[in-house]
Structures are given as C-alpha cells and as structure tokens.
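Could you look through this model with me? I have put my notes into numbered points for you to read beside the coordinates.

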Amino acid sequence: MTASSSDASPDTRDRLWIVGAGRLGLALGLRLRRAGAVSALTYSGRRETAPEHPLFREANPIAHYQRGLDPIPSDATGMVIAVPDDAIERVVGELADLHLPQALPILHASGSLSLDVLAPLAGRGHSVAGMHALAAIADPVEGADRLRGATFGVEGDGAARTLAERLVAACGGHVLAIRPGGKALYHAAAVFASNYAVALLSVAERLMAEAGIPAEDAQPALAALAAGAVENVAARGPAGALTGPVLRGDVATVERHLSRLSGAGRDLYCLLGLEALKLAEARGTDPAALARLRGLLGDTR
C-alpha cells in the first residue's frame with residue numbers, strides 16, 4: 001500500500017536566508033547543502049547577479065540569489081548574517097526597518113563582535129546568537145571542506161542558539177560555548193593560534209634567509225616543524241609539547257640566540273621565551289637555570 005502525500009513526513013530541513021554572498025556565506029551554504037541539511041538557500045548580496053559558485057550551477061539548484069534584502073524570504077527558518085564585521089551594524093539597521101517574520105532566529109558569523117550588535121533585532125523580538133567558525137576560509141568552494149568537522153564558537157540562547165547548534169552538527173562540527181562578554185578574548189585567542197602563528201613563521205623564514213637558506217627550502221621545513229608542534233599540543237597539551245632550549249634550561253644556547261638577534265626580532269624572542277619559561281616551570285625544569293633564563297629574557301633591549 002502506497003502512502004498518500006498527506007501521510008508523507010514533512011521536510012524538516014532548514015531554509016536559510018544568508019545575508020552576505022562572500023567566502024564564508026557561500027562556503028557555509030555549500031557545506032550544509034552537501035550535508036543535506038538545507039532545502040533552500042536564499043542569498044542577499046551587493047552584486048547584480050549571482051557569484052560564480054557551484055551552488056548556483058546545479059541542475060536543480062536550491063540556492064537563490066538576490067541583490068539586497070528585498071524580497072524577504074517569508075518561509076525562512078533562520079538567518080545568518082555573514083558580512084564583514086564593519087558592515088554588520090549597517091545591515092542590522094536595515095533589517096530592523098523591515099517587517100521580518102517575528103519568529104525568525106538570527107545569527108551573525110563574526111568572530112569578535114558580541115551579541116550587542118544584534119540588539120536592534122533582539123529588541124524586535126528575534127532570538128539572536130553568534131556562530132563563528134574556527135577555520136581559515138580563503139576560498140568559497142574549498143572553504144566548505146574546511147568547515148567539515150570544524151569547531152565553532154557559539155553564544156546566545158533560545159531558538160537562535162538551537163539553530164546554531166543544529167547547523168554546527170550538520171557540518172559535523174563541535175561547539176565551544178562562549179560566556180557572555182567573552183567574545184573579544186575568544187577571538188584574540190583564535191588570532192594567536194592562527195594569524196599570529198603565520199606571522200611567527202614569517203619571522204622564522206626571515207631568520208632562515210639571514211642564515212643563507214632560501215625561502216623555497218625554508219618554507220616546507222618550517223611548516224613541517226610547526227605542524228609537528230601543533231600535533232604534539234593536540235596530543236599532550238602546551239606544557240607537554242614544549243621542546244627546545246628553555247625546557248632544557250640551556251642558558252648558553254639562549255645566549256647565543258640573543259647575541260645574533262636585534263630589534264623587534266629580539267623583543268619577540270624574549271616575550272615568547274618568557275611564555276615558554278612558564279611551561280618549562282610546570283614541567284619541572286631546574287629552577288636555577290630558569291632564574292638565569294628569566295634574567296636573560298627579561299632584558300628586551
């Protein structure tokens with residue numbers, strides 16, 4: 001016996017309105033599409049026509065593109081604001097002037113902005129939350145792969161929090177719950193782990209060049225070294241992963257390094273050395289050696 005259409009299960013997949021058709025918004029939509037988690041995607045952007053992207057090239061695309069915020073997708077089950085941070089306040093103001101469906105939960109994807117930026121929408125009765133991917137999205141297609149299994153910083157509650165957790169689960173990801181007021185520190189931590197790690201590798205490459213080693217040789221060697229350190233942190237934590245002269249209490253080696261470093265490079269070495277010293281202390285490195293190292297690293301002239 002064949003079930004009638006009235007007996008069929010309703011489609012419970014999300015119908016998302018994504019404001020912002022840039023790298024993140026498109027990568028997120030593609031990840032959710034591949035996961036089968038959405039039945040419709042409406043993108044609002046600034047271009048006249050849809051960007052070149054697989055979502056809009058499917059034989060039967062579920063993604064629709066429109067310039068601007070009009071018309072409002074009346075059947076949307078949630079909204080994600082995925083525009084650059086400096087544009088969120090303007091977009092929120094424009095949205096607050098529209099007659100949005102009252103039950104529409106709204107997320108923003110900023111890493112550093114708190115929920116305060118969504119206050120005009122919360123004041124109109126919308127449940128609001130933040131959902132930020134701890135992933136480097138440099139490309140709107142390849143970024144979909146980076147979002148698979150990614151960790152997301154999430155803040156907020158109510159229907160918007162539920163929506164955020166549902167989308168993270170669809171990505172196969174993990175939630176980091178951010179306490180109220182903690183967003184800026186959360187994002188600073190992410191910058192240290194990602195952007196500043198890249199900056200440190202740039203410093204290391206420069207020092208290699210001064211030692212006579214060309215970039216094409218130094219880059220893969222340094223990247224492999226850094227990757228090994230990251231793997232060790234994941235397996236053992238920062239203190240357990242630390243290696244090198246500070247952990248050994250090797251004053252002579254640190255003195256040699258400092259004798260060849262100058263300016264900002266020396267200052268950076270000393271600041272990071274003092275952080276490494278805290279980890280070495282937790283590992284039980286000889287206190288006398290640590291005291292001598294502290295004196296050396298405290299002098300950032």
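This is a predicted model: local features need pLDDT of at least 70, side-chain atom pairs count only at pLDDT 80 or more; totals for chains, interfaces and linings use all residues.

1. Residues are numbered from 1 along each chain as its sequence is written, and side-chain values use heavy atoms, with hydrogens and water left out.

2. Let us begin with the aromatic rings. The count comes to three aromatic pairs, where rings of Phe, Tyr and Trp (its six-membered ring) pair if their centres lie within 6.5 Å, and planes under 30 degrees apart count as stacked, over 60 as edge-to-face and the rest as tilted. Y43 and F56 are an edge-to-face pair, because their ring centres are 5.8 Å apart and their planes stand at 70°. This pair links distant parts of the chain, 13 residues apart: Y43 sits in strand 2 (residues 38-45) and F56 in the loop between strand 2 and strand 3 (63-67). Helices (H or I, at least four residues) and strands (E, at least two) are DSSP runs, numbered from the N terminus.

3. F56 also pairs with Y65: the ring centres are 6.4 Å apart and the planes at 85°, so this pair too is edge-to-face. Are Y43 and F56 buried or exposed? Both are buried, and Y65 counts as buried as well, at 11% relative accessibility. Here buried means under 20% relative accessible area, exposed over 50%, and partly exposed in between (1.4 Å probe, protein chains only).

4. Next, the largest pocket, which holds about 2,300 Å³ of space. A pocket, on a 1 Å grid over the protein atoms alone, is an open set of points where a 1.4 Å probe fits, with protein on both sides within 12 Å along at least five of seven lines; lining residues have an atom within 4 Å of a point. The volume is the space filled by probe spheres set on the points, which are joined across faces, edges and corners. Of its 44 lining residues, L200, A204, A229, L242 and L272 lie nearest the centre. Helix 7 gives the largest share of the lining, 11 residues.

5. What is the make-up of the lining of the largest pocket? Its residues divide into 33 nonpolar, seven polar and four charged. Ala, Val, Leu, Ile, Met, Phe, Trp, Tyr, Cys and Pro count as nonpolar, Asp, Glu, Lys and Arg as charged, and the others, Gly among them, as polar.

6. The second largest pocket holds about 1,200 Å³ of space. It is lined by 38 residues, with R23, L24, A82, V83 and P84 closest to its centre. Helix 2 gives the most to this lining, six residues. The lining divides into 18 nonpolar, 13 polar and seven charged residues.

7. Do take a look at T285, in the loop between helix 11 (263-283) and helix 12 (287-298). T285 is buried, with a relative accessible area of 10%. Its side chain reaches the backbone oxygen of L247 at 2.7 Å. Leaving aside neighbours within four places in sequence, T285 is in contact (heavy atoms within 4.5 Å) with V246, L247, R248, G249, A280 and L290.

8. Finally, Q219 is found in helix 8 and is partly exposed, with a relative accessible area of 44%.

Conventions: A polar contact is a pair of N or O atoms within 3.5 Å; within protein, one must be able to donate a hydrogen and the other to accept it, and residues adjacent in sequence count only if both atoms are side-chain atoms.
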